[in-house]
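Thanks for asking me to look over this structure. Here are my notes on the ligand and the pockets, as numbered points.

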Amino acid sequence: QFVATLVRRKPRCVLGLATGSTPLGLYAELVRMHREEGLDFSRVVTFNLDEYVGLSGSHPQSYRHFMQQNLFDHINIDPRDTHVPDGRALDFESYCEQYERMIAEEGGIDMQLLGIGGDGHIAFNEPGSSLGSRTRLKTLTEETVRDNARFFGSEKDVPRLAITMGVGTILESRQCLLLAAGASKARAIRDTIEGPITAQITASALQLHRDVIAILDQEAARL
Ligand code: F6R
């Protein structure tokens, strides 16, 4: 409802999108609203948080592929307005600067969807990421590699590097929608919402943001 309300109120809104298990229900609901209620995405612009380095958009585990399968292919969004970082960019430094520039040129992100890692990461801002960080390359922690191995079949197939929006990039969005479900997120959610602001739990930087909505199930909210 939050996303749909924004899309109706501001047809050319800029959505920041996440991948992973958490937003699957949200995307399914947006697809349903498009089909059954005519929710119109024709002018919506999207920027995804992150992508694995080395995977092309057609790789079944790439985040581009995930977005096509779970959302973009089922709604009337203009493909040219969907942005997922290019995991096969040739010059990552200038590509990351360009990604930030494209966000700025669209007027900034109106609503950023966020999942959270068991270690408290948002996007791929792993523990220790600067809270002022911008879009850049990050090495995934062993915990994240283990968590994501379920999608790849085995740990050794999980890319070790990702291109990710920075914590600073995320904090610039006008509103954040943080979603978490399940007991495996309880500690990270407690630390994010009630703990000290620390680069060890990059989601805790959201305490500095003036407009964050956290939507949690009972298990994630347990602590
Ligand atoms: C994905 C992303 C990650 C995930 C997080 C939780 O684009 O940025 O930070 O949101 O790793 O993943 P799930 O939802 O699979 O538990």
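1. A word on classes to begin with: Ala, Val, Leu, Ile, Met, Phe, Trp, Tyr, Cys and Pro count as nonpolar, Asp, Glu, Lys and Arg as charged, and the others, Gly among them, as polar. Please also keep in mind that this is a predicted model.

2. With those classes in hand, the shell around the ligand is made up of four nonpolar, seven polar and three charged residues. There are 14 residues around the ligand, and those that come nearest are T22, D50, H121, A123 and K185.

3. Which atoms face the oxygen atoms of the ligand? In the side chain of D50, an N or O atom lies 2.7 Å from an oxygen atom of the ligand. A123 takes part through its backbone, where a polar atom is 2.7 Å from a ligand oxygen. R150 uses its side chain, with an N or O atom 3.2 Å from an oxygen atom of the ligand. As for cover, the ligand taken alone exposes 410 Å², and the protein buries 93% of that.

4. Where does the ligand sit? The space it takes is the largest pocket, and this pocket has a volume of about 630 Å³. Its lining counts 35 residues, with T19, G20, S21, Y63 and N148 nearest the centre. The elements that give two or more residues to this lining are β3 (50–52), α3 (63–70) and α5 (142–152). Of these, α5 supplies the largest share, six residues.

5. What is the make-up of the lining of the largest pocket by class? You will find 15 nonpolar, 16 polar and four charged residues there.

6. Do have a look at the second largest pocket too, which has a volume of about 150 Å³. The residues that line it are F2, T5, L6, R9, D110, M111, R174 and Q175. Helix α1 (residues 2–9) gives the most to this lining, with four residues. By class, the lining of the second largest pocket has three nonpolar, two polar and three charged residues.

Notes. Residues are numbered from 1 along each chain as its sequence is written. This is a predicted model: local features need pLDDT of at least 70, side-chain atom pairs count only at pLDDT 80 or more; totals for chains, interfaces and linings use all residues. Side-chain values use heavy atoms; hydrogens and water are left out. A residue is near a molecule or strand if one of its heavy atoms lies within 4 Å of it. A polar contact is a pair of N or O atoms within 3.5 Å; within protein, one must be able to donate a hydrogen and the other to accept it, and residues adjacent in sequence count only if both atoms are side-chain atoms. Accessible areas come from the Shrake-Rupley method with a 1.4 Å probe; for residues, only the protein chains shown count as cover. On a 1 Å grid over the protein atoms alone, a cavity is a set of points where a 1.4 Å probe fits but cannot get out, and a pocket is an open set with protein on both sides within 12 Å along at least five of seven lines; lining residues have an atom within 4 Å of a point. A molecule sits in a cavity or pocket if more than half of its atoms lie within 2 Å of its grid points. Grid points are joined across faces, edges and corners, and a volume is the space filled by probe spheres set on the points.
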